[in-house]
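Please examine the sequence and the three-dimensional structure shown here before reading the report.

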Amino acid sequence: MTGLMAEHTGQDQHFRHQHLFGIEQLSVSDILLVLNTARSFRDISARAIKKVPTLRGKTVVNLFFEPSTRTRLSFEIAAKRMSADTFNISSAGSSAVKGETLIDTAKNIQAMKPDVVILRHSSSGAPYLLARNIEAAVINAGDGAHEHPSQGLLDMMTVLDHKGRLDGLKIAIIGDIAHSRVARSDILGFVRMGSEVFLAGPQTFIPPEVSRLGATVCGSVAEAVRDADVVMTLRIQLERQNDPLIPSLREYAKFYGINRKVLELAREDAIVMHPGPVNRGVELSPDVADGSRSVILDQVTNGVAVRMALLYLILGGSKGNEGQGDR
Ligand code: NCD
C-alpha cells in the first residue's frame, strides 16, 4: 500500500452519505471504505450459495429510464445476494411514457416505502431532484452526461486489483469524453486517488472545461497511451448527440480506435478497460477487447461487489452478517 492509501485505510469508518450522487462528493477515505467493503463481499459471489442475510427486509427499487444491461442486472444481483427485495421499473414499462413527471413518479414510489431507489436517467441532476422528493436513499446509476459513480468505483477497484495501487498511475481515457458520465466519474476518482489522467479523442468530444477536473488533454491518442498503466476506451454516446460530431465510425476507428499497434505504446503490463457496451471494431479492435490485457469482464465482476458494498453502507446492514453464509 503506498502513501496516500496507507494514510486512509478506510477502516472503522462510517459512510457519511445518505445518497450517492457522484464521485465528486466522495473523499479518499469514502472511496477506500467502499473498495475495502466491496473486497470483503466479493467472495460471496464465488460461493455455491451466493446469499447472505445482511439486507433482509430492505426494499430496493431499480428505476431505469435509459437502457441498461450490466448496471441494472448488477444492482439487482447485488441486492438479491444481500437478501433485499428488488423491483425493477424501466421507462418503456413505466407511466413516464404516459406523461407522468419524475416527481409524481417519485411520490408514488415513496408511498410504497422503499429503502433505496437506484435511478438511471437521461437528465443530469435527476438523482438530486428525486432525493428532494422522497425519503428513500437515492443511488445514481448514471444521470445524463454527468456521473456514474458506481462505475467509477468498480473501475477503481479493478485497477487496484491489477496494479496494487491507485496513486502514481498513468490512466489514458480515449473517446467520447464530452458525453460520458463514466469519464467524469473516472477522472474525478482517479485524480482524487493520486493518479494522472490523460484524455484523447476527436476535438468535438473533448470539452475544454474538462481540464478543470484535473485531467490533461492530449493532442493525440499516441500521446495519451504512451507509457500508460491503464487504457480506458469509451463508447461514442450517439444518443446524447443531436447531430453526429464525427464524420464516420470508420474514420473514428482509424484515428482513435485502440488496436494492438497503438497498445504497444503503453506499458508492457498495461490493462485495457471499457465500461461496456463495446462497439467492436470502433473504439476497440476485437483482438484487444478479447486479448490478455483486457480486464473488461473483471470490471463486470467487481461491479456486483461494489454495488453490494454501496447498498450495505447506505442501508446500514446488520454488522457481522456480511461474511456469513445463508441461514
Ligand atoms: C455506460 C453508461 O451507461 O454510462 N455503461 C454502463 O453503465 N456500463 C457506458 C455506455 O453506455 O457507453
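The structure is a predicted model. The domain assignment divides the protein chain into domain 1 (3-148 + 301-321) and domain 2 (149-295). Taken over C-alpha atoms, the centres of the two domains are 25 Å apart.

At the interface, 38 residues of domain 1 are in contact with 30 residues of domain 2. The size of an interface is often expressed as the accessible area that is lost when the parts come together. For domain 1 and domain 2, the buried area is about 2700 Å². Carbon and sulfur atoms give 64% of that area. The interface of domain 1 and domain 2 is also crossed by three salt bridges.

## The largest pocket

Sorted by class, the lining of the largest pocket has seven nonpolar, eleven polar and eight charged residues. Four helices each supply at least two residues of the lining: H3 (70-81), H6 (149-163), H7 (181-192) and H12 (296-315).

## Salt bridges

The model has 13 salt bridges in total. In one of them, the side chains of Glu66 and Arg240 meet, with an N to O distance of 2.9 Å. This pair links distant parts of the chain, as the two residues are 174 residues apart. Glu66 is in the loop between strand S1 (59-64) and helix H3, whereas Arg240 is in the loop between strand S8 (230-233) and helix H9 (249-256).

Another salt bridge joins Asp161 and Arg42. The closest N and O atoms of Asp161 and Arg42 are 2.7 Å apart.

## Two points of the backbone

Which residues are joined by a cis peptide bond? The bond is found between Gly276 and Pro277, and its omega is about -5°. Pro277 belongs to the loop between strand S9 (271-273) and helix H11 (286-289).

Lys113 is placed in the loop between helix H4 (102-110) and strand S3 (116-121).

Notes. Residues are numbered from 1 along each chain as its sequence is written. This is a predicted model: local features need pLDDT of at least 70, side-chain atom pairs count only at pLDDT 80 or more; totals for chains, interfaces and linings use all residues. Side-chain values use heavy atoms; hydrogens and water are left out. Ala, Val, Leu, Ile, Met, Phe, Trp, Tyr, Cys and Pro count as nonpolar, Asp, Glu, Lys and Arg as charged, and the others, Gly among them, as polar. Domain bounds come from an automatic or database domain assignment. Contact means heavy atoms within 4.5 Å. Buried area is the accessible area (1.4 Å probe) that two parts lose on being put together, summed over both. A salt bridge is a side-chain nitrogen of Lys or Arg within 4 Å of a carboxyl oxygen of Asp or Glu.
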